[in-house]
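Please look through the sequence and the model below.

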Amino acid sequence: MLRNLLALRQIGQRTISTASRRHFKNKVPEKQKLFQEDDEIPLYLKGGVADALLYRATMILTVGAYAIYELAVASFPKKQE
(Lines give C-alpha, C1' and ligand atoms only; values in the text may rest on other atoms or scores of the structure.)
Protein backbone atom coordinates (compact mmCIF):
# COMPACT_ATOMS: atom_id res chain seq x y z
CA MET A 1 0.00 0.00 0.00
CA LEU A 2 2.80 2.38 0.92
CA ARG A 3 4.63 1.51 -2.30
CA ASN A 4 1.56 2.50 -4.35
CA LEU A 5 1.32 5.84 -2.56
CA LEU A 6 5.00 6.56 -3.19
CA ALA A 7 4.62 5.68 -6.87
CA LEU A 8 1.59 7.95 -7.13
CA ARG A 9 3.54 10.75 -5.47
CA GLN A 10 6.39 10.37 -7.98
CA ILE A 11 3.98 10.48 -10.90
CA GLY A 12 2.41 13.62 -9.47
CA GLN A 13 5.81 15.33 -9.20
CA ARG A 14 6.77 14.74 -12.81
CA THR A 15 6.43 17.71 -15.06
CA ILE A 16 3.85 17.31 -17.76
CA SER A 17 5.03 18.50 -21.10
CA THR A 18 3.56 18.34 -24.58
CA ALA A 19 6.96 18.94 -26.15
CA SER A 20 8.57 16.03 -27.87
CA ARG A 21 11.65 14.53 -26.28
CA ARG A 22 13.30 14.19 -29.66
CA HIS A 23 14.44 17.25 -31.51
CA PHE A 24 13.77 17.20 -35.21
CA LYS A 25 15.27 19.49 -37.80
CA ASN A 26 12.79 22.02 -39.17
CA LYS A 27 12.36 21.09 -42.83
CA VAL A 28 9.66 23.67 -43.61
CA PRO A 29 11.99 26.26 -45.24
CA GLU A 30 13.46 23.56 -47.52
CA LYS A 31 9.98 22.34 -48.51
CA GLN A 32 8.84 25.92 -49.16
CA LYS A 33 11.72 26.47 -51.57
CA LEU A 34 10.99 23.19 -53.32
CA PHE A 35 7.28 23.82 -53.77
CA GLN A 36 7.67 27.48 -54.77
CA GLU A 37 10.20 26.85 -57.55
CA ASP A 38 8.95 27.42 -61.08
CA ASP A 39 10.40 24.31 -62.71
CA GLU A 40 7.41 23.18 -64.81
CA ILE A 41 6.77 20.16 -62.54
CA PRO A 42 3.15 19.92 -61.40
CA LEU A 43 2.65 20.62 -57.70
CA TYR A 44 1.22 17.17 -57.02
CA LEU A 45 4.43 15.53 -58.29
CA LYS A 46 7.02 17.73 -56.57
CA GLY A 47 7.27 15.38 -53.60
CA GLY A 48 9.29 12.86 -55.59
CA VAL A 49 8.80 9.17 -56.29
CA ALA A 50 6.26 8.65 -53.50
CA ASP A 51 3.99 11.36 -54.91
CA ALA A 52 4.29 9.94 -58.42
CA LEU A 53 3.33 6.47 -57.19
CA LEU A 54 0.38 7.77 -55.19
CA TYR A 55 -0.80 9.82 -58.17
CA ARG A 56 -0.60 6.85 -60.55
CA ALA A 57 -2.32 4.52 -58.08
CA THR A 58 -5.13 7.04 -57.63
CA MET A 59 -5.57 7.40 -61.39
CA ILE A 60 -5.58 3.61 -61.90
CA LEU A 61 -8.16 3.10 -59.16
CA THR A 62 -10.35 5.92 -60.48
CA VAL A 63 -10.28 4.74 -64.09
CA GLY A 64 -10.74 1.11 -62.99
CA ALA A 65 -13.75 1.96 -60.83
CA TYR A 66 -15.30 3.96 -63.66
CA ALA A 67 -14.73 1.09 -66.12
CA ILE A 68 -16.37 -1.39 -63.74
CA TYR A 69 -19.31 0.98 -63.29
CA GLU A 70 -19.77 1.35 -67.05
CA LEU A 71 -19.57 -2.43 -67.53
CA ALA A 72 -22.22 -2.92 -64.85
CA VAL A 73 -24.50 -0.36 -66.49
CA ALA A 74 -23.98 -1.94 -69.92
CA SER A 75 -24.67 -5.45 -68.61
CA PHE A 76 -28.23 -4.56 -67.62
CA PRO A 77 -30.27 -3.62 -70.71
CA LYS A 78 -32.85 -0.87 -70.41
CA LYS A 79 -36.43 -2.04 -70.06
CA GLN A 80 -38.56 -1.37 -73.09
CA GLU A 81 -42.06 -0.21 -72.32
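How many salt bridges does the structure hold? The structure holds two, where a salt bridge is a side-chain nitrogen of Lys or Arg within 4 Å of a carboxyl oxygen of Asp or Glu. This is a predicted model, in which local features need pLDDT of at least 70 and side-chain atom pairs count only at pLDDT 80 or more, while totals for chains, interfaces and linings use all residues. Residues are numbered from 1 along each chain as its sequence is written, and side-chain values use heavy atoms, with hydrogens and water left out.

Lys25 is exposed, at 62% relative accessible area, and Glu30 is partly exposed, at 44%. Here buried means under 20% relative accessible area, exposed over 50%, and partly exposed in between (1.4 Å probe, protein chains only).

Another salt bridge links Asp39 with Lys46, whose closest N and O atoms are 3.3 Å apart. Asp39 is partly exposed, with a relative accessible area of 30%, whereas Lys46 is buried, at 10%.

Which residues form a nonpolar patch on the surface? They are Tyr44, Tyr55 and Met59, with about 290 Å² of accessible area together. Such areas come from the Shrake-Rupley method with a 1.4 Å probe, and for residues only the protein chains shown count as cover. Patches take residues with over 30% relative accessible area and no salt bridge, joining like charges within 9 Å and nonpolar side chains (Val, Leu, Ile, Met, Phe, Trp, Tyr) within 5 Å. Tyr44 is partly exposed, at 45% relative accessibility.
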